[in-house]
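Trainee: Please take me through one part of this model in detail. I would like the helices, the spaces beside them and the loop residue that goes with them.

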Amino acid sequence: MSPLIPSVTRPAEPAKDQQPARPGNAPAGQAVRPANAANAPPPPRPQQPPPQRPAQAPPRQQYLELKANVHRKLLDRLNLEALAQADRTRVEGEIRTLINDLLNEEGIPISLSERETLFIELMDDVFGFGPLEPLLRDPSINDILVNTYKNVFVERHGHLERATAAFRDDRHLLRVIDRIVSNVGRRVDDSSPMVDARLPDGSRVNAIIPPLAVDGPLLSIRRFPAERLKAEDLITLRAMTRPMLDFLSHCVSARLNMLISGGTGAGKTTLLNVLSGFISEKERIVTIEDAAELQLHQSHVARLETRPPNVEGKGAIRQRQLVVNALRMRPDRIVVGEVRGEEALDMLQAMNTGHDGSLTTVHANAPRDALMRIETMIAMGATNLPERAMRQQIASAIQVVCQQSRLSDGSRKVTSISEITGMEGEVITMQEIFMFEKTGVTQDGKVIGRFRATGVRPRCAERLKTSGIHLPADMFEGVTEVR
């Protein structure tokens, strides 16, 4: 007997009590006639309405009910403790046999294709993330958005569409959410109804449940491709031009501090992953993130991740604490997945105190807006710091601001590369080196535009020269059309 299926079976349910025998061996439901009425005519039988057929549930509803019944019985028969340690491929045959037995017990005829579909869905429920598994296996999906158990949407090629996947009810969706967050040591419940997590493949997960989610649990998954984009892929996808990529790679190699700015879903993390690939293998890199999703290919990488508070509301570790701790870890470079609070000041101080070549991202719609957001974040953690001192910290710490945008057709492009040149009075001065100009939209919604070099030679060219990097003069000239 397999350890997955216990040998002890549940006893059969006792049969319902039979009706007691009636006098004279009368059939059940028929009154006993007295002896002196043997020759009397039988009383007329009352007219009964013809029996009505029970309402048939729609096929989809019947399928969901069958799946729920088989799933419940399957969990009753499996040894869940042994199953948690088992490999899926090793026990598939055994569970398939058990599912076939349970389907035969249900007595509902289904075709072989439906039986195979049911088997795959039940295996996904037992071992994976239920209805999300087919979506997670689809490489064309970028985002999975679950708006309560009834509605599941996906984003393909920059456009949202409804998916056929669905959950049985809110409890089914909550079980999947709990399985996702518990894999990374986090929790979601009434006392902590919001959570950030990640999937085993690095995809970013956010979940929010009632009472904060009014209509039911909400789940958002930002997927990353199994094969991460490389530098050459950005050129192939027309996200930037060759001179833009060469300039950014030289800035990373020469240890210039860089800020990547962009809106939600613009591709900031993807660009950060690509640019981090230009860091030397000889350097020690410390990454700091809310939910670890960066995938650096260097061998000497120390990854740090924040921690939410426990059930008692204690034990939270914020990004600012990790930045301070990272300074004691002898890093050559510090990479912060995203600055969003008071850790911005510690990050700038690290950039100004010998940790050149650090990278980070921020949510903003333009390079100038990114600097204003950094200034606001500094004020969140150091309210007594004068504005001029804040701006001096920013101007001396950051050399390059790279703006990443998501356009109306869903494409993602580097729309601006700017250099911070210093301060004039109370204002941080910047100059744009490369830019993308949108010129129109085709009939099918495709964005038309051009990448243009502004003709300005950056001041950091002298610093690159001292690092052995010579920038050709024609790098900052020319126009590339995008159609």
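Mentor: In H9, the buried residues are Lys268, Thr269, Leu271, Leu272, Asn273, Val274, Leu275 and Ser276. Buried means under 20% relative accessible area, exposed over 50%, and partly exposed in between (1.4 Å probe, protein chains only). Helix H9 spans residues 268-276 and is mostly covered, with 8 of its 9 residues buried. Helices (H or I, at least four residues) and strands (E, at least two) are DSSP runs, numbered from the N terminus.

This is a predicted model: local features need pLDDT of at least 70, side-chain atom pairs count only at pLDDT 80 or more, and totals for chains, interfaces and linings use all residues. Residues are numbered from 1 along each chain as its sequence is written, and side-chain values use heavy atoms, leaving out hydrogens and water.

Now H10. Helix H10 (residues 319-326) buries Gln319, Leu322, Val323 and Ala326. Seen down the axis of H10, these buried residues fall within an arc of 100°, so they line one face of the helix. The arc is that of the directions from the helix axis to the C-beta atoms. The buried residues of H10 pack against strands S8 (285-289), S9 (301-305) and S10 (333-336), and against helix H11 (343-352).

Between S10 and H11 runs a loop that holds Glu342. Glu342 is buried, at 16% relative accessible area. Its side chain makes a polar contact with the side chain of Arg318, at 3.3 Å. A polar contact is a pair of N or O atoms within 3.5 Å; within protein, one must be able to donate a hydrogen and the other to accept it, and residues adjacent in sequence count only if both atoms are side-chain atoms. Leaving aside neighbours within four places in sequence, Glu342 is in contact (heavy atoms within 4.5 Å) with Arg318, Arg320, Met377, Met380 and Gly381.

On a 1 Å grid over the protein atoms alone, a cavity is a set of points where a 1.4 Å probe fits but cannot get out; lining residues have an atom within 4 Å of a point. The lining is Leu259, Val339, Ala344, Met347, Leu348, Met351, Thr360, Ile374 and Ile398. By class, the lining has 8 nonpolar, 1 polar and no charged residues. Ala, Val, Leu, Ile, Met, Phe, Trp, Tyr, Cys and Pro count as nonpolar, Asp, Glu, Lys and Arg as charged, and the others, Gly among them, as polar.

How values were computed:
1 Å grid on protein atoms, 1.4 Å probe; cavity = no way out; pocket = protein on both sides within 12 Å on 5 of 7 lines; lining within 4 Å.
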